[in-house]
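Notebook open, sequence and model side by side. I'm jotting down what I looked up, in the order I got to it.

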Amino acid sequence: MKKFFESFFMLRSPRGAAMFALAYLAAVNLLVACTVWNILMEQQEGMSMARLLFKLVLHLNLSPLSTAVLLITVCVLLSLYGVILWGIGLYGLLAETFEKKWLRGLLAGIGVLFVPPLPGLLLLPGLLKNKRYLPALAALAGSAAFAIAPFNLISPVSAVEAGLLLYCLAVSGTTAPEKFSWRFAIPLGAGAAVYLLLVGCDLKLGHDVKIEQEKLARLAGRPAKIEEFKANLTQGLAPDTEPLKTLLAHTEGVNKLLRNEHDPAEAQALLTEIRRKHAPYFRALEEFLRLPVGKFAHRIPENDYMTGLPTPELSACRCAASFLRLKMNAFPRDKKNVTVCNSGLIKLRDWLTEEPFLIGPMARMVIESYRLEALGNALAQGGLARAEFAELLGPEPDWEKALFRGGADEALFLQGDIMLALESIWKERRDFLLPLFLRIPFLRDWRLVLRRVREYAPLATAGRPAKMKNTPRNDYFFPELTIGDGLEVMFGAGARLRNRRRMVLLAVEVAEYRRKHGELPGSLAFLPKVPLSTLDRTPLMYAKTADGFRIFCRTDKGKIPAATDARYSLSFRLAPR
């Protein structure tokens, strides 16, 4: 037992113990980086030894906080042996300079545990005395590296690594009775191998990301380079150009007053109030709607990162759409007013066709839902016949294509913009380790995002919500909006909008029946075929209400929805005959 203890802690070889300990501690940081990589990497067929070691962690789906605690615990346990060994070795090396054992032990303990720059200074006198000038310079440089690490002049990770390796070089120049030991090359070689492994993973993931970017860009019809995408964002109608400037200035005030009033008298009163408080808004909106459909020029923030890109134009279009819906509800029997407002809503929707990311098609879908609702109200109030309604309704946009392109923008450019931001931080820190700690899991997640979005291309079929397999939840760098269920939710919203359109068309048939027979039908039996819901492919349903009727479908759980649930039900309040 005594021999094992002496061998394990190298009690008879202070220089060998110190060099082994320093190389071991330098390797621990790189081994922990390898642990990060294994925990965050996706599971694939075939298990290497490293993957087997961390298979439990992968299956536990630990949160980032839990993973951090685990890594810190592992790092402390691994480092404990190296710290003890470094203290023992330093204690023996200081025998030539400090004769009193208690002083030697005190200085070695303080240097190893509390003041990392101290050991280099303690070794310096002995090295200079024996004319070991290169090791002495290494000892001094190692002390300097540890001294500047807390002040982040360079990354503390790299500073600590440099300090440990410089101390190892300094210790190699000390005089010792025992034979020079090369055991320190074992942890040093292991650390170097891990670092090369991380570099290889970084290069491989970077190559994979580039390939996936090109594939997704071709499918979505988008540029593969973020610089081209940003240049395109700045082209179009500038926000400081009239009449857009006036619209933006009054959007917040008008939006506070707007309400979805279906009663014509109440809607007219609200219009009068808005005109009284925001008269310039009326003129600016009329001028804007006379412009040919184009695209908005966005102002890229000063830091050049799209993650902070403001979108006031989208808010202005949504507010204008809500205003036109109110105007249609105020005069539902005025066919000229309904036609003009409907054309305005289509223009607002089409102005957002080129808007990037998922927020663009989402805003377009909101405007289209406003238009369908307002047209349905005009139909119920008797302002439109079936042929007139069909003409105003027009063709249906390809929502699935727009949503897929928006998701591609998120994967290609918004996440790429985050990558550029991180790279600029890494360059400022001048670190050779920190980028690998962050880049590998980041690139892994980015590759996952690109692949997941690309999988939606064949699933984005018209009118059907996409169904995807479960996504691994160890995605630490990207919100679940893009990786997990977000796109599926968006495609579901597109399917519900298609369903709303079918409901409105079915309501046209009910209103036509009432116009011909003077009363509402008791059921949908008068139709040769009842249209199907786009959500579950079951027939749409109809029911009379106290003031009209409603068209609805079953919920995602197969139940009858409440009349107020706009996702599955559309109510029509009829004007008295």
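I started at Y542, which stands opposite I551 in β2. Strand β1 (residues 541-545) and strand β2 (residues 548-552) run antiparallel and are joined by five bridges; strands count as paired if DSSP finds at least two bridges between them. I looked at the turn as well: β1 and β2 form a hairpin with two residues between them.

Ground rules, before I go on. I'm on a predicted model, where local features need pLDDT of at least 70 and side-chain atom pairs count only at pLDDT 80 or more, while totals for chains, interfaces and linings use all residues. Numbering runs from 1 along each chain as its sequence is written, and side-chain values use heavy atoms, with hydrogens and water left out.

Next I stayed with I551 and listed what it touches (contact: heavy atoms within 4.5 Å). Leaving out residues up to four places away in sequence, I551 touches M503, L506, A507, V510, L540, M541, Y542, Y568, S569, L570 and F572.

Buried is under 20% relative accessible area, exposed is over 50%, and partly exposed is in between (1.4 Å probe, protein chains only). Which members of the largest core touch the most others? I found I274, F323, L348, F549 and I551, out of 100 residues. Helix α22 gives the most to this core, with twelve residues. Another core lies apart from it and has 37 residues, among them A21, A26, L107 and A136.

Then salt bridges: a side-chain nitrogen of Lys or Arg within 4 Å of a carboxyl oxygen of Asp or Glu. I get 19 by this rule. I noted these:

- E212 and R451 meet at 3.3 Å, N to O. The pair links distant parts of the chain, E212 in helix α10 (residues 185-220) and R451 in helix α20 (residues 434-455), 239 residues apart. E212 is buried at 5% relative accessible area, whereas R451 is partly exposed at 29%.
- R405 and E354 meet at 4.0 Å, N to O. R405 is in helix α19 (residues 399-429) and E354 in the loop between α16 (335-351) and α17 (359-380), so this pair ties together parts 51 residues apart in sequence. E354 is partly exposed, at 34%.
- E509 and R386 meet at 2.8 Å, N to O. E509 sits in helix α22 (residues 486-517) and R386 in helix α18 (residues 386-393), so parts 123 residues apart in sequence are tied together. E509 is partly exposed at 24%, and so is R386 at 34%.
- R349, D350, E368 and R371 are linked in a network of salt bridges.

L78 is in helix α5 (residues 64-93) and is partly exposed, at 32%.

Last, the whole chain. I count 22 helices and three strands, as DSSP runs numbered from the N terminus (helices H or I, at least four residues; strands E, at least two). Buried residues make up 50% of the 577. Among contacts between residues at least 6 apart in sequence, 71% join residues at least 24 apart.

Note on methods
A nonpolar core is a set of buried Ala, Val, Leu, Ile, Met, Phe, Trp, Tyr and Cys residues joined through side-chain atoms within 4.5 Å.
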